[in-house]
Amino acid sequence: MPTWVQLVYLLCAVGFILALKGLSGPKTARAGNLIGAAAATVACILPFLYVDNLRHLPLILGAIVLGTIGGVFGAQRVQMTQMPQMVALFNGVGGGAAALVAALELHELLAIVEGLPPGVDASIPGFDLAATAFTLFVGSVSFSGSLVTFAKLQELMTSRPVVFPGLPVAFALLIVAALVLSVMTVLEPSMLIAVVLLLVGLAFGLLLVLPVGGADVPIVISLLNAFTGLTVAAGGYVLSNTVLLVGGTLVGASGTFLTLLMAKAMGRSVTNIMFGALKGGSTLGGGEVSDRPVKSAGAEDVGILLAYADRVIIVPGYGLAVAQAQHTLRELVDVLLARGVRVDYAIHPVAGRMPGHMNVLLAEAQVPYEQLVEMDDINSEFKHTDVVLVVGANDVVNPAAKTTKTAPIYGMPILAADEARQVVFLKRSMRPGFAGIENELLFEPTTTLLFGDAKDSLGKVLKTVESL
Amino acid sequence: MSEGVVWLTIFILSVFVGVEVISKVSSTLHTPLMSGANAIHGVILLGAILVTGSTDDGLAVGVGLVAIVLATINMVGGFVVTDRMLQMFSRKKPAKPAKAGPATGGSTGGAR
């Protein structure tokens, strides 16, 4: 590899560092992302410039065009509510690509050894083989695991934990098989073993994610994202390529860190999230509809309640985005503000389907930044609040997180909506939220429910407030 | 210094850089950050191009092309989707007055 190429690769690696650094703050995020995209593009053009006699050029270019069309098409079409599953899907195909590249690397190493004249020392460095085995296994885990998370979030399958008897045993057997096959890859490398290792990885990925339920799935996506990063780093080691090594390691490290941050925001440990269901259904919610009495009201009552309040806090949730009610909500807030009511949005760090997801959804509805208040800053205000309007959220205000040790969300910090004078829930039905558990707050005497589609209900509330 | 140690050095330093650059990020940006990091590992495309371009085995070329398609989807899709999200965070105030967006209300990708 010529020196200038190595220097350009170094620049690309720096580009990735700047990209992640930029993404950590809202002002620099977009520029950072663009720098990352530019660095990745340059890095991928380089082989065409310096590799002598790169074969199958038309096919390679055709595949790149095909992938670009697929990527752009998917990225442009996806709705903001579906963002978590899109990230899962992109991560899965990345992991799959890494595993395939590792298989091809091994194929190439074996071919080189075979081509050597007899008598010449024909051993492949053990560390290269270990890195290849690692990528084969972890890459395929990431692929199949991500596809399951995609299916869960897209509701192609139940989002509840899938557990079957014998799962822990199958799990243990697959781990042992993966270890044995990896050692065999290092000692006696062959394509057959590589393919079996790949299949074991696929099965392991399935069993890893199936028992994870509902609200925990995004954490798993983040973890698998970190896994894929590490496989890319391992690929960089085998191919002696600094961009892959640095880029992959950055994603691996930052992804692991991000996973821990998210788990902390939910008050859970990563091991509990991953293996909780195996130990006895701790991510398992009841998912049953209660027939206990609740107090419900019409849109007019809610409108009057809001219009004559001094202080209102809105707790937006995923249900708001699904009903496409963000714009109506923003209009309602504008009218209330014009009447002199003090209104804020209380944003729980894991509102939506993924940490930070609600911020994306509200940004799309052009809700001004200044009105969004994070949980730690607003929690002390609830007790001075007249009305809390919960729109399509449930788990993030569920007091069970504080009181019920057996609840799947136990330990998760929540918004203290229960301390307000009045709580109004806009709900479609009494069906429990994403975590699948009932919310005691719904049955409190201070709580009123307004049943119906959030957009519809908010429209009616808006009309009432406007007419007052 | 042996080559292995050089690689190990780069690896360890990258771990620290990775943790350091995102350690102060607020939860507001967790979704775009995850998506952006996701796009970065799509650079495995580079490896896929290198291995596909250096083999003549028919099956290996086929597998390599699949890897190229998958890696490109990961990389291109990841950056585009991250940009779409961030665009909404960095909108300019005067460009869009109070009555923003199409009045359909279904702006969640609905226009496409």
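1. Start with burial in chain B. This is a predicted model. Chain B has 112 residues, and buried residues make up 57% of them. Its accessible surface is about 4,600 Å². Carbon and sulfur atoms hold 70% of that surface.

2. Next, the fold of chain B. The chain has four helices and zero strands. Read from the N terminus, its elements run α-α-α-α. Consider contacts in chain B between residues at least 6 apart in sequence: 72% of these join residues at least 24 apart.

3. Now chain A. Its secondary structure comes to 17 helices and six strands. Its C-alpha trace spans about 95 × 50 × 35 Å along the principal axes. Of the 468 residues in chain A, 57% are buried. The accessible surface comes to about 18,500 Å². Here 65% belongs to carbon and sulfur atoms. Among contacts in chain A with a separation of 6 or more, 78% come from residues 24 or more positions apart.

4. Together the two chains bury about 8,700 Å². Carbon and sulfur atoms make up 73% of that buried area. On the side of chain A, R30(A), L104(A) and Q366(A) lose the most area to chain B. These three account together for 7% of what that side buries.

5. Look at the polar links across the interface. The rule finds 19 residue pairs in polar contact between chain A and chain B, both residues at pLDDT 80 or more.

6. Salt bridges come next. Side chains of opposite charge can pair when their charged atoms come close. A search of the whole structure finds eleven salt bridges over all chains. Two salt bridges cross the interface of chain A and chain B. One pairs the side chains of R30(A) and D83(B), at 2.8 Å from N to O. R30(A) is also one of the residues that lose the most area to chain B.

7. One salt bridge sits within a helix. The side chains of D334(A) and R330(A) meet at 3.8 Å, N to O. Both residues lie in helix α13 of chain A, four residues apart, about one turn of the helix. Are the two partners buried or exposed? D334(A) has a relative accessible area of 36%, so it is partly exposed. R330(A) has 10% relative accessibility, which is under 20%, so it counts as buried.

8. Another salt bridge links distant parts of chain A. The side chains of D386(A) and R421(A) meet at 2.5 Å, N to O. D386(A) is in the loop between α15 (375–378) and β4 (387–391). R421(A) is in the loop between α16 (400–403) and β5 (422–427). The two residues are 35 residues apart. D386(A) counts as buried, at 17% relative accessibility. R421(A) is partly exposed, at 46%.

9. Finally, a network. Salt bridges that share partners join R311(A), R342(A), D344(A) and E381(A). Within it, the side chains of R342(A) and D344(A) meet at 3.8 Å, N to O. R342(A) is partly exposed, with a relative accessible area of 46%. D344(A) is buried, with 10%.

Notes:
Residues numbered from 1 in each chain as written. Chains lettered and ligands numbered in written order. Heavy atoms only, no water. Buried area = accessible area lost by both parts, 1.4 Å probe. Salt bridge = Lys/Arg side-chain N within 4 Å of Asp/Glu carboxyl O. Polar contact = N/O pair within 3.5 Å; in protein donor to acceptor, adjacent residues only side chain to side chain. Buried < 20%, exposed > 50% of the residue type's maximum accessible area, 1.4 Å probe, protein only. Contact = heavy atoms within 4.5 Å. Areas by Shrake-Rupley, 256 points an atom, 1.4 Å probe, with all protein chains shown as cover.
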